[in-house]
Amino acid sequence: METIRSFIEIASVFVLPLLIVGFPLYGLLKKVPVYEEFVEGAKGGFKVAVTIIPYLVAILFAIGMFRASGAMDFLVDGLRPIFGLIGVPPEVLPMMILRPLTGSGSAAIVLDMINQFGEDSILVKMVATMFGSTETTFYVIAVYFGAVNIKRTRHAVPAGLIADAVALISAVYVVRWMFG
Amino acid sequence: MLNYIWAGLIILSLVFGIVYDANDLASDTYRNGESYALTVSAAPGADMQSRRIPVTVSVNPEEYRAFYGSTSAPDTSFAGVVIQNQEGLQLRFAEDASLPEPWATIRSQTSERDNDLRGPLEDWDTATGSATVTFSAVRFVKMRAIAAAALSMAELAVELALGLIGVLALWMGLLQIAEKSGLIDSVVRYTQPILRPLFPDIPKGHPAMGMIVLNLTANMLGLGNAATPLGIKAMEELQTLNEDKETATDSMVMLLAMNTASVQIVPPVLLVALMGLQINELIFAIIIVTTISLVVAVVAAKLLGRMQRFRSRPAAVIASSESREG
């Protein structure tokens, strides 16, 4: 186990430099004008960033308002009995609601809970696993679909949210099973 | 779907904000306009004629809780100053003092810039120190917060998007080289058999498959910075196969679902920074959870795509319905 883990860790450090050096190197071998092609491709970066702005503004301001309105407290109170039935501790509920909505907000929750309960606490392990296991779904949707100007997202939101819900709930069970 | 969620977030925040503020008004959470009795004692040897008199403010916790009907336990004494001028006396708590609720909220609403709680001081008996202070009225806390959040998040969105430019340019440049040198084609050739069933509408040998593989790999390795540009590039390739440029295809939704639920062999950098060495214990928990959610995401994307309400409409139908709407 330990060797696999350290191998993965080392590999993850090397992947990035290897790709950044490897692509141009391979291009040179294949006689591609690497510098010219790089610049040609990089021109797209600005255009994409500007294209996603309206999508990102739309998503983020709505989420920001929702968080500021205090709706979270109502939701947590309302959901507590339901989640209590399936064995989810109430302390991790804010994380479960915020995770698909905001990355920085849910990172703040992890930090806050570390300060409150200590890194060894099982609650912190639960929220950290939740954080590591899911993406900020609405941000990903805004960026990926925004970049190609897709407005009708069809079943992307429900599929993403179903996957999030399963990840968030199974994080509770898996952590309890491993450390409980 | 996104239409309803988006509108729902905005409308709900207004509703919750109004309920919250109405509740504040009804229960008079901040005791607007009422004066609060406390003890203000000047620092020993302070010049009582000077413009700024350093003082210590003492608060009786029981009286505080009874007055505000709150459960917070305030410190019994706070540092502060009394400012004297023609208009009278004003008590100012020290900047950034740790205040109990609801004082903390009153401070954040009434003294945003200086972050010191302040109010006119009356009936100050310098011998015993007894005095009363009245803070400015606080109303509609959540309404203000909602408006401020909408504006600041709009700003943040642009910052985030513009912050991506550099990394996007770097990766799109590298990918251009990879494409021209035939590297993407070989990635496609080797991974096609595995991923083909998930993305049936991508033609054999199309570069979209290569970009998808690179994106998913970067995601697995916790390289968020690289995964986003690769994902965007994959979306661009998928868009070239799309007949209706404003509606997502099955493959796009599948890519998105796999991204939001991607298996994480290496946890994201941010989490490592937050958790320190403790993260080692969690790696396997994260791998198990993400594997479960990946399976669910793939199944959900496949099944939901077949449902009538999520069907992609053929171009002809869209054209006719749009002309009707217009």
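Me: In this predicted model, how many C-beta neighbours does B:Arg31 have inside 10 Å, and how does the residue count?

Reply: A residue is called buried at 20 or more such neighbours and exposed at 12 or fewer. B:Arg31 has 17 C-beta neighbours inside 10 Å, so the residue counts as partly exposed. Its place in the chain is the loop between helix H1 (2-27) and strand E1 (35-42) of chain B.

Me: Where is A:Arg154 found, and is A:Arg154 buried or exposed?

Reply: A:Arg154 belongs to the loop between helix H7 (137-147) and helix H8 (156-179) of chain A. Because 25 other C-beta atoms lie within 10 Å, A:Arg154 is buried.

Me: Which peptide bond is cis?

Reply: Most peptide bonds are trans. The bond from B:Glu101 to B:Pro102 is cis, with omega near 5 degrees. B:Pro102 sits in the loop that joins strand E4 (88-93) to helix H3 (103-110) of chain B.

Me: How should the length of helix H6 of chain B be checked?

Reply: One compares the expected span with the distance between the end C-alpha atoms. Helix H6 (residues 183-195) of chain B has 13 residues, which at 1.5 Å a residue should span 18 Å; the end C-alpha atoms are 18 Å apart, so the two agree.

Me: Where does H6(B) kink, and which of its residues are buried?

Reply: The kink, of about 35 degrees, lies at B:Arg189, shortly before the proline B:Pro193. The buried residues of H6(B) include B:Leu183, B:Ile184 and B:Val188.

Me: Which residues have the most contacts inside the largest nonpolar core?

Reply: This core has 130 residues, and those with the most contacts inside it include A:Leu56, A:Val127, A:Ala142 and B:Ala297. Helix H2 (residues 34-68) of chain A gives the most to this core, namely 17 residues. Beyond its neighbours within four places in sequence, B:Ala297 is in contact with A:Ala159 and A:Ala163 of chain A, and with B:Ala257, B:Met258, B:Thr260 and B:Ala261 of chain B. A second, separate core has 19 residues, among them B:Leu91, B:Leu99, B:Trp103 and B:Val133.

Me: How far apart are the domains of chain B?

Reply: The domain assignment gives domain 1 (31-138) and domain 2 (165-325) in chain B. Their C-alpha centres lie 57 Å apart.

Technical notes. Residues are numbered from 1 along each chain as its sequence is written. Chains are lettered from A and ligands numbered from 1 in the order in which they are written. This is a predicted model: local features need pLDDT of at least 70, side-chain atom pairs count only at pLDDT 80 or more; totals for chains, interfaces and linings use all residues. Domain bounds come from an automatic or database domain assignment. A nonpolar core is a set of buried Ala, Val, Leu, Ile, Met, Phe, Trp, Tyr and Cys residues joined through C-beta atoms within 7 Å. Helices (H or I, at least four residues) and strands (E, at least two) are DSSP runs, numbered from the N terminus. Two residues are in contact if their C-beta atoms, placed from the backbone, lie within 7 Å. The expected span of a helix is 1.5 Å times one less than its number of residues. The bend at a residue is the angle between axes fitted to the seven residues ending there and the seven starting there.
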